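Let's take a friendly walk through the aromatic side chains and their surroundings in this model. Please have the structure open as you read.

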Amino acid sequence: MGASADPRGRFRQHQRDKAWWPEVAAREVEWFGSREEALKQEARAIVRELPRHNDMGVQWPHHRLGAAPARTLHTTDFKADPQGWMDRVAETQRPIVVTRYKVPQVVIVPYFDRSQVPAEESAD
């Protein structure tokens with residue numbers, strides 16, 4: 001998947017430069033009214049089809065890493081409102097995996113205050 005005004009040139013470039021090119025089974029060209037629309041449709045197709053070598057815009061590449069262990073969040077989104085995300089983790093009691101370039105960077109887990117847990121009653 002990709003957006004290009006010159007699909008043949010793009011295919012030739014991939015044939016020269018990409019080790020995965022022999023794995024290509026089919027090529028399909030679809031034209032859109034603008035580059036913005038083409039990029040939007042490409043992003044949707046990548047999320048829907050999970051191509052093996054193109055995961056642009058995908059937070060967690062399932063085909064390479066398996067199912068995400070928790071909700072994923074890109075570092076850019078986390079940096080925009082770190083306190084808000086920390087509050088959400090605390091409220092929902094569910095962890096979030098923060099990724100950068102589709103690579104997990106950190107897992108934010110809910111804080112558990114053991115001092116608020118009632119002591120187990122001893123069996124006499």
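H14 counts as buried because its relative accessibility is 14% (buried means under 20% relative accessible area, exposed over 50% and partly exposed in between, with a 1.4 Å probe and protein chains only). This is a predicted model, in which local features need pLDDT of at least 70 and side-chain atom pairs count only at pLDDT 80 or more, while totals for chains, interfaces and linings use all residues. Residues are numbered from 1 along each chain as its sequence is written, and side-chain values use heavy atoms, with hydrogens and water left out.

H14 belongs to helix α1, residues 7-17 (helices are DSSP runs of H or I with at least four residues, strands are runs of E with at least two, and numbering starts at the N terminus). Beyond its neighbours within four places in sequence, H14 is in contact with W20 and W21 (contact means heavy atoms within 4.5 Å).

Now to the rings. There are two aromatic pairs, where rings of Phe, Tyr and Trp (its six-membered ring) pair if their centres lie within 6.5 Å; planes under 30 degrees apart count as stacked, over 60 as edge-to-face and the rest as tilted.

| Pair | Centre distance | Plane angle | Class |
|---|---|---|---|
| F11 and W21 | 6.1 Å | 40° | tilted |
| W20 and W21 | 6.1 Å | 50° | tilted |

F11, W20 and W21 make up one aromatic cluster. W21 is buried at 13% relative accessible area, whereas W20 is partly exposed at 24%.
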